[in-house]
Amino acid sequence: MNARSFILLLILGAAACAPSASVDPAVPTLTLIPVTATLMPSPAPPTPTPMDSDLSAPEDILNATSTRTPEAALAALDGAALIERDPVAAVLVDMAQRAVAADLDLPTRRVRLVDVRPASWTDNTMNCPPPNSTPVPQQTSGYRIVLQAGEQTFIMHTDFDRVVLCPSANEQLPEGFPTLEVMPELTGEPTSELTPEATPAS
């Protein structure tokens with residue numbers, strides 16, 4: 001064994017016999033990411049609502065009612081009052097007026113509304129069966145519309161999307177259905193019915 005190998009063995013032996021390094025638990029370790037304080041917001045106190053506020057209360061939301069006019073209320077309306085509250089009736093009256101105006105070749109404004117009211121038809125012909133026909137019982141909601149153009153009167157029976165001309169001879173109204181007497185179209189000319197006759201002075 002040469003001297004160089006002997007020295008190498010001595011160095012390796014000394015390294016093997018040297019005490020291993022130990023970590024002292026009393027020495028704190030370094031923290032790579034510093035801890036930052038997290039601020040927790042304090043709970044906000046509830047804000048009292050004034051008694052005269054117009055905000056909705058929880059019970060109002062739970063018991064909310066629809067703004068749509070109830071059917072019972074619409075059934076009590078007719079004519080212009082019904083059209084103002086019931087957009088379906090307004091559309092059907094407009095359809096009926098246009099149909100009559102087109103048939104008579106008149107402006108739509110010359111076809112005036114006399115009456116419109118909700119109806120509960122009791123058969124498949126909307127209570128307007130053609131002659132020699134046998135209606136089939138069927139409940140259908142709709143309207144009865146009465147129009148006038150000059151001296152002519154037109155009665156229309158409808159459901160919610162159809163308007164059917166119903167000659168008075170074919171009309172079979174449900175029991176208790178109210179009808180309105182059709183008055184002649186008013187003009188600017190005075191008539192004996194509208195103008196009281198002068199009484200001679202005594």
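Guide: Here is a short tour in that order. This is a predicted model, where local features need pLDDT of at least 70 and side-chain atom pairs count only at pLDDT 80 or more, while totals for chains, interfaces and linings use all residues. Residues are numbered from 1 along each chain as its sequence is written, and side-chain values use heavy atoms, with hydrogens and water left out.

Visitor: OK, how many helices and strands does the protein have?

Guide: There are 5 helices and 4 strands, both taken as DSSP runs numbered from the N terminus (helices H or I, at least four residues; strands E, at least two). From the N terminus on, the order is α-α-α-α-α-β-β-β-β.

Visitor: And what is the strand order in the sheet?

Guide: The sheet is open, ordered β1-β2-β3-β4, with antiparallel pairing; two strands pair if DSSP finds at least two bridges between them. β1 (112-123) and β4 (163-165) are the edge strands, each pairing on one side only. β1 and β2 (residues 137-149) share 10 bridges.

Visitor: Which helix packs on the sheet?

Guide: Helix α5 (residues 87-104) does, touching β1, β2, β3 (152-158) and β4. Contact means heavy atoms within 4.5 Å. The direction of α5 makes about 55 degrees with that of β2, using axes fitted to C-alpha atoms, for helices over the stretch in contact, with angles from 0 to 180 degrees between N-to-C directions.

Visitor: Now the charges. How many salt bridges does the count come to?

Guide: The count is 4, taking a side-chain nitrogen of Lys or Arg within 4 Å of a carboxyl oxygen of Asp or Glu. One of them joins D115 and R117 at 2.9 Å, N to O. D115 also stands opposite V146 in β2.

Visitor: Is D115 buried or exposed?

Guide: Buried, at 3% relative accessibility. Buried means under 20% relative accessible area, exposed over 50%, partly exposed in between (1.4 Å probe, protein chains only). R117 is buried too, at 13%.

Visitor: What about E171, which residue does E171 bridge to?

Guide: R144, with the closest N and O atoms 2.6 Å apart. E171 lies in the segment after β4 and R144 in β2, so the pair ties together parts 27 residues apart in sequence.
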